Amino acid sequence: MNAYLITIATLICINAIVACGLNVIVGFAGQISLGHAAFFGIGAYSAALLATKAGLSFWAALPLVVVITALIGLLLGLPSLRVKEDFLAITTIGINFIVEAIFLYIPFFGGALGIGGIPRIMLFGVRLKGLTFFLLCLFFLLLVLAFCWWFSRSWGGLACFALREEESAAASMGISPVRFKLLAFVIGTAMAGLGGALYAHYIRFISATDFSFPVSVLLLSIVVLGGMGTLWGPVVGAVILGALPEVFRPLVDYRFLFYMLLLLLMIRYQPAGLLGEGSMVHRVFSLLLPEGKK
Amino acid sequence: MNSTLLAVKAVSKHFGGLKALDQVTFEIRPREILGLIGPNGAGKTVCFNLISGVYKPTAGEIIFNGERTQGKAPHQIARRGVGRTFQIVKPFATLSVLENVLVARGISRYNHLGKIWSSWKSRAEIRQALEVLDRVGLADLAHRKAALLPLGNLRRLEIARALIVGKRLLLLDESFSGLRHEEILQLEQLIRNIRADGITVLLIEHNMRVAMGLSNRVVVLDHGRKIAEGSPQQIQQNERVIEAYLGRKGHSHAA
Ligand SMILES: Nc1ncnc2c1ncn2[C@@H]1O[C@H](COP(=O)(O)OP(=O)(O)OP(=O)(O)O)[C@@H](O)[C@H]1O
Ligand SMILES: [Mg+2]
C-alpha cells in the first residue's frame, strides 16, 4: 500500500516538473503548445540511450539530456513560433505525432519494443528506488519551482508576460517577440527533458506511446486546471489529475475523454484555473485575507 | 544630420488596391513638436506604423538619426529611442500599472541574454518607474491592475511607457482623445515639458485647439497624400485643408 502511494506520488512529481515547463510556454509567454509530450519523450529517450548504449550514469547524462531536449526545442520552436496562434496549436500537435513516429519506426530508438533495461539511478553508492527515488524527484521539482519563481521576477520573465498580454505593445518596448517566445520554449522543453530523464530511470522501460498526443493533452489539462501562469498551478493540477484516476478506478479507461472534457469546461468556466486571479480559490482567499497581496 | 531627426521620403504604403499612404514626404527637426493631422482614414496611424516598424513601406525611405530604418522590426526601432503610443490603447492588462512601466524600463536589457536574468523587483527600478508614473499623474494607481483603469488613465499609462522608450522621438497617436478638459490641460503641459527635456514629438491629434496650440509645425494628410505643411497659422488659413475637413464631416472637433 505504501509502495503504491509512493509510485503515484513519484509520477505526480514527474508530471508536475514537465507541466511546470509547459506552464512557462503557455502560462508565462502565452504560446499554446499541444505537443509537450514530444519533448518529455525526447528527454526520456536521450536518457535511456545515453544510459543503455553509451553507458553513462544518470548524473553524467542529465546535463546532456537537458541540453539535447532544449536544442531540439529551439530547432522546432524557431519555425513554429513564427506562425500565427491557431497554427501553433496544429504545428505542435504535428510535432508530437512526428516525434512519436520517429521513436516507433526507427530501429535505433527500439521501434515498437521501446527501450528496456534502463538502470536505476545511483547516489552516494545507494540505488534509488521507492521512497528515495521519490525524494530525488521532489528535489528536482523544488529546483524547477525555484527556477520558475526566479524567472517570473526576472526581466526575461517580465518580457514574456508583456508578450502574452499585448505582442505589438511589447515589441514597441524593445522586446523581440520571436526571441522571447523561443526563450520560454527552450526553458519549457528543458524542463520536459529533465522530467523525461527521471521518468526513463523510474519506469526503466519506455516506449513511444508513453509520449503520445493524449499525454500532451493531460499536461495541458494539468496546467489549465491548476492555473496558467501561476507558480503552484502545475503542482496542484498534477496532484489532482494524478490522484483522481486512482480514486475513481472505473474512470481509467475514459481518462483521455475526461481530460478533454475537463480542459473544455475549465476554459469555459474557470479560464484562470484553480489558482489564477479571479478563480474561486483566489476569491475565497482574498475574502479571508483582505488586501493580503501587495 | 543634425537638422533632421527623422526624414520620411516619398513613402507609400498600399494595402491591396488601397493607397493608405501615397508618396508622403516630411521631416522632423530635433526638439520640435510636429503635428500630423487629417480627416479620419487619412493615413496618420499608418504613417506611425511605418515609422515604428510595424509595417514596411511599399516604396520610399525612412531615415531616423542618419540611419535607414524602413524594414527594421518594431523592437529594433524602439531600441533606437523611438517611443510610441497606440490609438487603440494596448495595456498589459493583467499586469499592474507599475509593472506596465517596468516592462518599458527593461528596454536596455532585452537585447542582451546576460542581462535578463536579474530581478526587476529592485528598489531602484521601482523608484524610477514611480517617478515616471508621477510625471503622468498615475503614481497613486501604481499597484492597480491595468485592466481596471478608465480610458483616460490608460492613455496616460501609454504615455508613461512611451516616455521611457522614446529618449529621442515620441510618437503620440491621439493621446488626448477621451480626456476631460482639465486632463487635456495637464497633458499639454506635460508635452511641453517633454520637449523642454530635449525630446522631439510627433503628434497625431484631432482636437484642433490642442494640435495648433502645441505644434511648431503641422503636416496635413488627406486620402494618403500630404496636402499641406506649415506653421499652425498657415495651416489654419490653408484652402485645401479647410476644404478637406469641411468636405468630409462638417467641423472637426473630435475631443
Ligand atoms: N492593416 C491594414 N490593412 C488594410 N487597410 C488598412 C490597414 N491599416 C489601415 N488601413 C486603411 O488605411 C487607411 C488609413 O488608415 P489610418 O488608420 O492611417 O487612418 P487615420 O488617419 O489614422 O484615421 P483616424 O483618424 O480615424 O485614426 C484607412 O482607409 C484604413 O482603413
Ligand atoms: Mg488613426
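Predicted model: local features only at pLDDT ≥ 70, side-chain atom pairs only at ≥ 80, totals over all residues.

Me: How many residues apart are B:Thr45 and B:Gln87?

Reply: B:Thr45 belongs to helix 1 (residues 44–51) of chain B. B:Gln87 lies in the loop between strand 6 (82–84) and helix 3 (97–105) of chain B. The pair therefore links distant parts of the chain, and the separation is 42 residues.

Me: Is B:Gln87 buried, partly exposed or exposed?

Reply: The relative accessibility of B:Gln87 is 31%. Buried means under 20% and exposed means over 50%. Because its value falls in between, B:Gln87 counts as partly exposed.

Me: Is A:Thr10 buried or exposed?

Reply: A:Thr10 is found in helix 1 (residues 2–28) of chain A. Its relative accessible area is 0%. Since buried means under 20%, A:Thr10 is buried.

Me: Which backbone oxygen lies 2.7 Å from a polar atom of the side chain of A:Thr10?

Reply: Leaving aside neighbours within four places in sequence, A:Thr10 is in contact with A:Phe133, A:Phe134, A:Cys137 and A:Tyr202. The backbone oxygen at 2.7 Å from a polar side-chain atom of A:Thr10 is that of A:Ile6.

Me: What is the relative accessible area of A:Ile98?

Reply: A:Ile98 is found in helix 4 (residues 85–105) of chain A. With A:Ile102, A:Ile106 and A:Phe108, A:Ile98 forms a nonpolar patch on the surface, with about 360 Å² of accessible area together. A:Ile98 is exposed, and its relative accessible area is 53%.

Conventions
Residues numbered from 1 in each chain as written. Chains lettered and ligands numbered in written order. Heavy atoms only, no water. Helix = DSSP H or I, 4+ residues; strand = E, 2+ residues; numbered from the N terminus. Buried < 20%, exposed > 50% of the residue type's maximum accessible area, 1.4 Å probe, protein only. Patch = residues over 30% accessible without salt bridge, like charges linked within 9 Å, V, L, I, M, F, W, Y side chains within 5 Å. Areas by Shrake-Rupley, 256 points an atom, 1.4 Å probe, with all protein chains shown as cover. Salt bridge = Lys/Arg side-chain N within 4 Å of Asp/Glu carboxyl O. Polar contact = N/O pair within 3.5 Å; in protein donor to acceptor, adjacent residues only side chain to side chain. Contact = heavy atoms within 4.5 Å.
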